[in-house]
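These are my notebook entries on a single structure. I recorded what I looked up, entry by entry.

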Amino acid sequence: MTGPAAGPDGLLRCPWCLRTPDYLAYHDTEWGRPIRDDQGMFERLCLEAFQSGLSWLTILRKRENFRAAFADFDIAAVATFGPADVARLLGDTGIVRNRAKIEAAITNARAAARLPDGLAAVVWRFAGGQDPAPVTLADIPASTPASKALSRELKQSGFVFTGPVTAYATLQASGAVDDHLRDCVRRGAY
């Protein structure tokens with residue numbers, strides 16, 4: 001199924017969210033809701049990078065562990081992480097223990113701390129939903145010209161592990177792009 005589907009309350013939603021209660025809660029309360037603060041944006045960017053090659057459900061179910069492991073995604077705190085923290089994180093079974101992704105989160109915190117206007121401001125410069133709204137999941141791209149431009153800007157600012165697909169997923173998750181399907185109850189809700 002790629003078009004909107006009725007949820008448990010009969011309202012139409014993006015069909016991907018009906019697979020599990022975790023997805024449904026994320027879809028209804030968070031995905032696509034505007035994030036304007038740097039800490040919230042840093043969390044979205046990190047989690048999208050950790051998700052690369054994995055199921056989003058894996059990340060959602062480990063999210064509280066990620067928050068504990070990464071100082072609630074406080075940019076200044078993560079920017080101070082060193083080799084001992086990397087070793088600690090590699091031993092933390094509650095998160096995804098991938099050295100490249102862990103080191104990327106630390107590198108990206110340092111890069112985010114140097115942004116004069118902050119990370120959220122950078123991401124929101126590339127905001128804009130699809131026009132027209134997607135009708136089916138097939139209408140939602142993996143990346144866009146805006147996400148490619150965001151990826152380039154982040155890389156030029158010292159970010160790593162922020163390719164166009166991760167950048168687009170961050171735009172979606174943070175509400176900078178509204179990719180709820182046209183007939184989804186959450187479309188335009190924020």
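**Entry 1: helix 3 and its partners**

I looked up what the buried residues of helix 3 pack against, and found helix 1 (21-29), helix 2 (38-51) and helix 5 (83-90). I take helices as DSSP runs of H or I with at least four residues, numbered from the N terminus. I note that the model is predicted, that local features need pLDDT of at least 70 and side-chain atom pairs pLDDT 80 or more, and that totals for chains, interfaces and linings use all residues. Residues are numbered from 1 along each chain as its sequence is written, and side-chain values use heavy atoms, with hydrogens and water left out.

I listed the buried residues of helix 3 as Trp56, Leu57, Ile59, Leu60, Arg63, Phe66 and Ala69. Buried here means under 20% relative accessible area, exposed means over 50%, and partly exposed is in between, with a 1.4 Å probe and protein chains only.

I then checked the length of helix 3 (residues 56-69): its 14 residues should span 20 Å at 1.5 Å a residue, and the end C-alpha atoms are 18 Å apart, which agrees. The expected span is 1.5 Å times one less than the number of residues. I also found a kink of about 55 degrees centred on Arg63; the bend is the angle between axes fitted to the seven residues ending at a residue and the seven starting there.

At the N-terminal end of helix 3, I found Ser55 as the cap, with a side-chain oxygen 3.0 Å from the backbone nitrogen of Leu57. Just after helix 3, Ala71 has a positive phi of about 50 degrees.

**Entry 2: helix 2**

I asked how many of the 14 residues of helix 2 are buried. Eleven are, so helix 2 is largely enclosed by the rest of the structure. Among them I noted Glu43, Arg44 and Glu48. From first to last C-alpha, helix 2 reaches 20 Å, close to the 20 Å expected.

Asp37 caps the N-terminal end of helix 2, a side-chain oxygen lying 3.4 Å from the backbone nitrogen of Gln39.

**Entry 3: aromatic pairs and the core**

I searched the whole structure and recorded ten aromatic pairs. Rings of Phe, Tyr and Trp (its six-membered ring) pair if their centres lie within 6.5 Å; planes under 30 degrees apart are stacked, over 60 edge-to-face, and the rest tilted. Tyr26 lies in helix 1 and Trp56 in helix 3, so the pair ties together parts 30 residues apart in sequence. Phe66 and Phe70 form a stacked pair, 6.4 Å centre to centre with 25 degrees between the planes.

I noted that ring pairs link Phe42, Phe50, Phe66, Phe70, Phe73 and Phe81 into a cluster.

Which of the 54 residues in the largest nonpolar core touch the most other members? I found Phe66, Phe70 and Leu119. A nonpolar core is a set of buried Ala, Val, Leu, Ile, Met, Phe, Trp, Tyr and Cys residues joined through side-chain atoms within 4.5 Å. Leaving aside neighbours within four places in sequence, Phe70 is in contact (heavy atoms within 4.5 Å) with residues including Phe50, Phe81 and Ile102.

Terms used
Helix = DSSP H or I, 4+ residues; strand = E, 2+ residues; numbered from the N terminus. Polar contact = N/O pair within 3.5 Å; in protein donor to acceptor, adjacent residues only side chain to side chain.
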